[in-house]
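Try each task before you read its solution.

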Amino acid sequence: MEQSNEQRLGTLPIPKLMISLAIPSVIAQIINVLYNIVDRIYIGHMADVGDIALTGVGVTFPIIMLISAFSYFVGSGGAPLASIQLGRQNKEKAEQILGNGTSLLILFSIVLTLFFFFFKTPLLYLFGASNSTIIYANDYLDIYLLGTIFVQLSLGLNLFISSQGQAKTAMLSVLIGAVTNIVLDPIFIFGLHMGVRGAAIATIISQAFSAIWVVSFLTSKRSAIRIRLRYLKPDFEIIKHIASLGISPFIMQSTESLINIVLNHSLQLYGGDIYVGSMTIIQSVMQLIVVPIQGFTQGVQPIISYNFGASQFDRVKKTFFYTVITTFLLTTLSCILTTKFPTFFARFFTDKESLIFIVGEVMPIFMSGIFMFGIQMGCQTAFMGLGQAKISLFLALLRKVILLVPLAILLPLIYGTVTSIYYAEPISDILSATIAGILFFVTRKKILSPQALERLS
């Protein structure tokens, strides 16, 4: 009898399994990041106002990241739990988790849309907008917020597809939206002369297509677990388990907003619009590095969760070893490229030589510690896949809230220069990755045990 996708998680050789799941997931994440990256490239090359418009869209990132953080709260919290239940052959419980996750995503969509429509302008000023850039930030966000429901469903529910070992299907759901966005962007921005608003319209149409695909799949017979009406009714015990594991990726994603706020505010204070623009470019490049690696870790996480649920601890250990080696090599390569060729990357986003010069000066500083980030990502993936909510939460808080935010505030106060702000990133990357590696080494035997598995039942 042919094995199902989820059964292969427990039987195929680990390297082959990792490749089959990780490659589609990496492609999906690269495609996914193109949603915003393509917008920025087109906006940055708008005649006469490209640099100001790019900075204006840049200050909307905290809100956009916060919206997506709620989708990861549900998806990254619920999908590993569903995968563990599939490993234990408990399909009904897995579907209950999926149903409750769907209800949460719909609720979050309504609340977030209303909240940001009412408070977006004062928030945008708080996040680093100036009188010159606020009009572009508002133009983009007015449209983008209308698509909040599509963001929640496409991002949050797609992880439940990956958790079944259906990496290619999950990739296709992202591909549909991204290709649509790439095609529509130049039509709306330049062809219909809609500028920033056109970029936002193209984005929400694309996200709608992705959301429709994801929901259609998860309600069809092709899915190992399905969205069923009877499981949409909230079960607070299940929601508590989703929340306890989902709070870590939520903090990781939402604190990107906090970091954007702190960095943009400090850069505006010490340097002005052009330095805020430089951070928009650097963080876009950062996304191009981090997001594909997140795709890799998302691809291998179901292997960890399923085999942990099936008590196949040796397979979990092998998966972790290969994951950390791969993520470390990828972040090291990324560090070399971005520190040696910063202006090459800057020219994708702007033609303004003064902005390119600044990026060339500060990107090597900002990216100098990213080689260590691969270790943290590998450890974080393992802790998430094994259902270790408390440790995952600590690591999420450590890098950004405990280290990066205070450093971004204190360094310019101490040194009085705009350049010092960029050093906060490498210092926090190196320290947090070191601590994450030590934590996994110390706790691995206790976590990989039947007793730890039983506590997740």
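**Exercise 1.** Is Asp139 buried, exposed or partly exposed?

Asp139 has a relative accessible area of 23%. Buried means under 20%, exposed over 50%, and partly exposed in between, with a 1.4 Å probe and protein chains only. Asp139 is therefore partly exposed.

A quick note: this is a predicted model, where local features need pLDDT of at least 70, side-chain atom pairs count only at pLDDT 80 or more, and totals for chains, interfaces and linings use all residues. Residues are numbered from 1 along each chain as its sequence is written, and side-chain values use heavy atoms, leaving out hydrogens and water.

**Exercise 2.** Find the residue that meets Asp139 in a salt bridge.

Start with the rule: a side-chain nitrogen of Lys or Arg lies within 4 Å of a carboxyl oxygen of Asp or Glu. Asp139 pairs with Arg197, at 3.6 Å from N to O. (Helices are DSSP runs of H or I, at least four residues, numbered from the N terminus.) Arg197, at 33%, is partly exposed.

**Exercise 3.** Work out which residue Glu95 bridges to, and where the two lie.

The partner is Arg228, with the closest N and O atoms 2.7 Å apart. Glu95 belongs to helix H5 (residues 91-126), while Arg228 is in the loop between helix H9 (195-218) and helix H10 (236-270), 133 residues away. Now check accessibility: Glu95 is buried at 4%, whereas Arg228 is partly exposed at 22%.
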